[in-house]
Amino acid sequence: MFKFLIFLGLLCGTTWAFYSPSDNVVELTPANFQRLVVNDDAIWIVEFFAPWCGHCQQLVPEYKKLASALKGIVKVGSVNADEHNSLGGEYGVRGYPSIKIFGANKRSPTDFNGQRTAKAMAEAALAEVKKKVNSALGGGSSGGSSSSGDDDVIELTEDNFDKLVLQSDDVWLVEFFAPWCGHCKNLAPEWAKAAKELKGKVKLGALDATVHQSKAAEYGVRGYPTIKFFPGGKKSKSDAQDYEGGRSANDIVAFALDKHMAPPPEIVEIVNEASFNTACEDKSLCVISVLPNILDCNAKCRNEHLDMLREMGDKFKQKLWGWGWTEGYAQQELEEALEIGGFGYPAMAVVSFKKMKFSVLKGSFSKEGVNEFLRDISFGRGRTAPVRGAKLPAIVDVQPWDGKDGQMPEIEEIDLSDVDLDDIKDEL
């Protein structure tokens with residue numbers, strides 16, 4: 001019995017240790033895979049095996065021959081995927097042996113499905129070397145993201161995501177992908193083509209959700225590929241919108257240009273309930289300005305305010321906010337609900353009628369002051385207060401502004417010829 005256990009131990013030892021250091025096959029584990037393979041410029045061919053797998057055992061002599069032939073040209077490694085199943089799962093390993101070539105884009109290896117001979121595997125690996133060399137000579141990228149290997153697609157990580165996407169004024173489309181995902185691989189050339197066409201207008205990025213899992217979870221990614229749209233201007237996580245359009249380059253470009261070229265929002269004068277609904281209904285936020293009476297601020301002055309609001313509307317247009325304005329005292333219930341009446345005009349409040357909360361501009365009603373206020377709002381900063389009464393204010397019908405200066409009302413002349421001044425004196 002003792003001899004049998006020794007024999008079994010030796011048998012297991014030889015089965016589980018397929019390769020020795022002299023075989024030029026590097027043993028890869030979760031502890032060294034990122035450093036040796038992903039972060040290395042070299043081309044790698046990697047076998048994912050299970051020690052008990054008969055086909056894996058049969059592959060051993062050919063794989064050793066391959067490693068010897070490719071020494072100094074392509075690196076050869078192996079992963080015990082039975083022991084390190086998380087690493088195998090990360091790269092979509094479903095059977096054994098699985099052979100993957102980690103070429104120009106390490107995040108998205110190529111599956112080798114050819115004959116399991118040293119010659120066939122070597123030819124596939126050398127084809128990847130040639131592809132990388134041609135890419136370099138042609139000015140293409142040797143890295144890249146989203147399995148595209150294209151410079152126009154920006155590789156995003158947990159470290160650079162917020163800085164590049166959220167803290168920039170750029171419009172972004174971001175793909176969350178998995179290297180083993182077939183749909184992601186199909187999308188890659190279309191994504192790269194779209195990125196090239198949109199260069200200078202809309203930025204396209206890609207994030208490996210299997211590597212940067214916390215960032216993917218932050219955006220509720222459940223499947224691959226998931227594409228999110230991020231509007232222009234400083235933004236927060238809540239501004240991300242799901243892209244549900246087609247997966248061709250034309251579809252992606254059309255969607256992005258539509259967002260990029262969107263006209264600035266109309267700054268609606270609130271003169272009745274219908275105009276109020278046009279400005280604010282179904283909007284996440286509504287920017288409401290109350291301008292001075294036309295007698296206190298003439299047409300030139302008012303137009304300067306409206307031009308500034310249009311400029312701000314254009315800058316923050318990707319936020320899909322509503323924009324409305326009214327003259328001081330014209331919509332008193334609206335002013336009271338937002339607590340912006342009675343302390344001077346012009347004034348501004350940003351309100352969420354869905355949440356019945358608002359925030360008031362405390363700084364100057366200028367391009368700089370309003371820009372800073374709205375930027376803080378876009379980041380979710382600033383104090384909020386509940387809308388007074390927790391309901392929509394009543395909007396009254398008023399005459400819209402005719403675009404002209406205000407006119408003082410005429411004073412009716414009084415005929416004093418029939419007035420007895422002595423009678424008036426007596427009454428006094």
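This is a predicted model: local features need pLDDT of at least 70, side-chain atom pairs count only at pLDDT 80 or more; totals for chains, interfaces and linings use all residues.
**Aromatic pairs**

- Let's start with Phe-161 and Tyr-219, whose ring centres are 5.4 Å apart. Their planes meet at 45°, so this pair counts as tilted.
- Phe-161 belongs to helix H6 (residues 161–166), while Tyr-219 sits in the loop between helix H8 (213–218) and strand E9 (226–230). The two residues are 58 residues apart in sequence, so their pairing ties together separate parts of the chain.
- Both Phe-161 and Tyr-219 are buried.
- Another pair is formed by Trp-325 and Trp-401, with ring centres 6.5 Å apart. Here the planes stand at 85°, so the pair is edge-to-face.
- This tryptophan pair also links distant parts of the chain, 76 residues apart. Trp-325 is in strand E13 (residues 322–327), and Trp-401 is in the loop between strand E16 (385–386) and helix H14 (421–427).
- Trp-325 has a relative accessibility of 3% and counts as buried, because the cut-off for that label is under 20%.
- Ring pairs also join Phe-18, Tyr-19, Phe-49 and Tyr-63 into a cluster.

**Charges over rings**

- Trp-401 turns up again here: Arg-302 lies over the face of its ring, at 4.9 Å from the ring centre.
- Over the ring of Trp-180 you will find the charged end of Arg-94, 5.8 Å from the centre of that ring.

**A five-stranded sheet**

- Five strands make up an open sheet with mixed pairing, in the order E1-E3-E2-E4-E5.
- At the edges are strand E1 (26–28) and strand E5 (110–112), each of which pairs on one side only.
- On average, and ignoring direction, neighbouring strands of this sheet are turned by 30° against each other.
- E1 runs parallel to strand E3 (residues 75–80), and three bridges join the two. Glu-27 stands opposite Ser-78 in E3.
- Helix H3 (residues 54–69) packs on this sheet, where it touches strand E2 (44–49), E3 and strand E4 (98–102). The direction of H3 makes about 165° with that of E2.

**Two packed helices**

- Helix H11 (residues 299–315) packs with helix H13 (residues 367–378) at an angle of about 35°, and their axes are 10 Å apart.
- H11 and H13 cross in a right-handed way.
- On the H11 side, the contact is made by Met-308, Glu-311, Met-312 and Lys-315. On the H13 side, the partners are Lys-367, Val-370, Asn-371 and Leu-374.

**Two residues to look up**

- Is Glu-128 buried or exposed? Glu-128 is buried, with a relative accessible area of 11%.
- Glu-128 lies in helix H5 (residues 118–137). Leaving aside residues up to four places away in sequence, Glu-128 touches Ile-43, Ile-101, Gly-103, Ala-104 and Thr-110.
- Ser-20 is found in the loop between helix H1 (2–16) and E1. With 30% relative accessibility, Ser-20 counts as partly exposed.
- Along the chain, Ser-20 and Lys-64 are 44 residues apart, and their C-alpha atoms are separated by 9.7 Å.

Key. Residues are numbered from 1 along each chain as its sequence is written. Side-chain values use heavy atoms; hydrogens and water are left out. Rings of Phe, Tyr and Trp (its six-membered ring) pair if their centres lie within 6.5 Å; planes under 30 degrees apart count as stacked, over 60 as edge-to-face and the rest as tilted. Helices (H or I, at least four residues) and strands (E, at least two) are DSSP runs, numbered from the N terminus. Buried means under 20% relative accessible area, exposed over 50%, partly exposed in between (1.4 Å probe, protein chains only). A charge sits over a ring if NZ of Lys or CZ of Arg is within 6 Å of the ring centre and within 35 degrees of the ring normal. Two strands pair if DSSP finds at least two bridges between them. Axes are lines fitted to C-alpha atoms, for helices over the stretch in contact, and angles run from 0 to 180 degrees between N-to-C directions. Contact means heavy atoms within 4.5 Å. A crossing is left-handed if the near helix is turned anticlockwise from the far one by less than a right angle, and right-handed if clockwise.
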